Amino acid sequence: MIFTVEEINRDPALLPNLTLGYLAADSCLSEGSTLSAALAMVTGQEEAVSGEQCISAPSVPVIIGDARSAASIVLADTLGVFDIPLVSYFASCACLSDHSRFPTFLRTVPSDAFQAKAIARLLNLMGWSWVGIVFGDDVYGKSGVQLLLKELEGSDVCTDYLEVIPKSHTPSKIRRIIERIQNSKARVVVTFAIGPDIEVLLRELEKQNVIDRQWIATEAWSTYSPNPSWSGMSLVGTLGFALRQVDIQDLGSYLTQLSPGGQQMQPLFQTVWEEVFGCQFLVETQTDLLSRPQCTGLEKLESQKEAYFDVMYNVYKAVYAIANAIQDMLICQSGKGPFDKGLCPDIKPIQPKQLLHYLKSVNFTTPVGDLVYFDENGDVSASYDIINWHVGPEGKMEFVKVGQFDAAGRQEQGFQLDISKVVWGGGWGDQVPVSVCSESCPLGTRKAVQKGKPICCYDCIPCTTGEISNATDSTKCSKCPERFWSNTDQTECVPMLVEFLSFQDDMGIVLSVLSVAGATLTGTILAAFLHHRNTPLVKANNSELSFLLLLSLKLCFLCALAFIGRPAPWSCMLRHTLFGISFVVCLACVLSKTVVVLVAFRATLPGYSVMRYFGPVQQRVGILLCTLVQVVVCVLWLVLAPPVPTESAGGELGARVVLLCAVGSVAGFSLVLGYIGLLSAVCFLLAFFARKLPDNFNEAKFITFSMLIFCAVWIAFVPAYVSSPGKYTVAVEVFAILASSYGLLLCIFAPKCYIILLRPEKNTKKNIMAK
């Protein structure tokens, strides 16, 4: 402040006919002392007056200060009643932007609202989702934390704890805070506290060797140089937001010339000297000698200027703002002033209210080249340097600029950080620290929030089958589209395998071979019967019915092939109708043979020829009528609700699309099967009644065995058909068709073929007619 005032007084262009003077008072970090000193200044009661030209203490029209937000609030509340402007160089609490409450408050330091935005951007950029927050028990700390928490709302960053540093600095409370920090999984600690408060906490951290934390500092202590007796090595890697540093011309040489003996305000200057260098001029006791070294007066203040470098420029701007406001007052033209009737402001003395009016509208460029103006809330534009704490070659702490934040810049340009220059805290070296409550969920899983904990604490739950997540930390799994399924890792949807009973499958090949073999065997037997059609055995077995039965059996074997292959509308209709009709023809033939045999050997009425009612014509009509019933049922089924191709999930974990033929009408399918079952049951009963015919003519016994096998197969088919998955449903139906066909063929015709082909000597009328 002294440097700036002297620089302005030397400037012939700025306030050429007016000399600035000043009063300075120590606030003692106390609201009471601050208010008392300020009231003494504005009322002219201050005793210490600088400058030899001042005869008595004047009434100060404007105050620069205070550095702390809490004290600035007290001053603004009190002095605002008298319209006395207050220009602070370090009070950054966002609450002071409330111009309705603090109409006379202005500041050259950015509001904490911008700093909270910058910290939130940093946390999100680095992926630190689990952080701790420590703040001071004052307006600055409480307001800053509220702003930060508001900025973090809706983001991926959660807070594990909020700890307050008490103003009393009670050791037990400080240790409790340290214990909370140690026990937390949060490796990143954000602080909102002034230097003296944070130093108490960090000294205790160093005593307990807590060095595995990444500290985020606000502008209040981002370039804070602690007492030399404390190494501060636990803070290496600290990232902080500092007010933009500017090199003020001639300030370095001015600091170099300073020495305690050459200052008129020696007591105040000596106090500052002792604070900066951690020494004292007067050693009264041996205890003082041991705790703090004696000041020599030869220390170089320039070497310690970083401790107050950011504050220096803010003070510099504050003094220039006041000087430019007074300059604007001086150049006011009579009759064109901003007050009633065009009056210009008073200069001797300067009225605080009039000065406030000009301060609010000031707009100038500092000698450094920065444009300075106040917005409607008395704030200046926000700009921060991102500082990283390094250890220099000599083992001293150095503050290295690694980025910047400009609130006026665009979203992508406003925040810049050169990660390659950053030394990370907590022993991470050149690797970005990891500070999360839960590790990232890998692909194929989703996040499930742990009960009673913030959203940053979660469990990773694998996606269910048929769903995927193809990004880390997915909150939900996406269902695969139709005809797609999830892979084994649940990371992508892959086309489902189309599955049906095909001729390329092992099972399809086996069933096809059995079907063709059965049809071939049936054809062979038919050829043998045709070749030996004039033999007694073939004649006695009603050759016409035998030929028709063999043809229908051949058709039964071949209809099994219709069930194999990719389902199509025509194949679905063909397979069920062909199966139903061919089996009815087969069973109708067996029924006719059974009735003929039973009537032939059981007719007991003398002189009454019953066989004339069961001749070839009647047999054909009976077979036709039995078949016609099934044909009508099939036609109605196909017309009203025919079988159609359909798809269903099947296979392992549903990863396959099974192509099937839906029956369409369950009633139609049931009638077809029910009618076949009815015919087979009637055949079985009639054959059972005729099982004790003459030994050498055991046709009824063979039919009984064939019907027994037929019924057993189809009774077992129903539960197997219902419970079989996927393409095995079709396989079960094909197997039932083949098994029942083989049963009929072998039971009825195998004994006859044995005699015809291997024992022709028994193929005589005498042998057949014998008991």
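**Cysteine pairs and their surroundings**

Tutor: A disulfide joins Cys93 to Cys95, with 2.3 Å from S to S. This is a predicted model, in which local features need pLDDT of at least 70 and side-chain atom pairs count only at pLDDT 80 or more, while totals for chains, interfaces and linings use all residues. Residues are numbered from 1 along each chain as its sequence is written, and side-chain values use heavy atoms, leaving out hydrogens and water.

Student: What makes the link of Cys93 and Cys95 a disulfide?

Tutor: The term is given to a pair of cysteine sulfur atoms within 2.5 Å, and the S to S value of Cys93 and Cys95 is 2.3 Å, so the pair counts as a disulfide.

Student: Why is Cys93 called buried, and what is Cys95 called?

Tutor: Buried means under 20% relative accessible area, exposed over 50%, and partly exposed in between (1.4 Å probe, protein chains only). Cys93 has 0% and therefore counts as buried, whereas Cys95, at 27%, counts as partly exposed.

Student: Why is the disulfide of Cys441 and Cys460 called left-handed?

Tutor: The torsion about its S-S bond is about -95 degrees, so the disulfide is left-handed. By contrast, the link of Cys93 and Cys95, with 130 degrees about the S-S bond, is right-handed.
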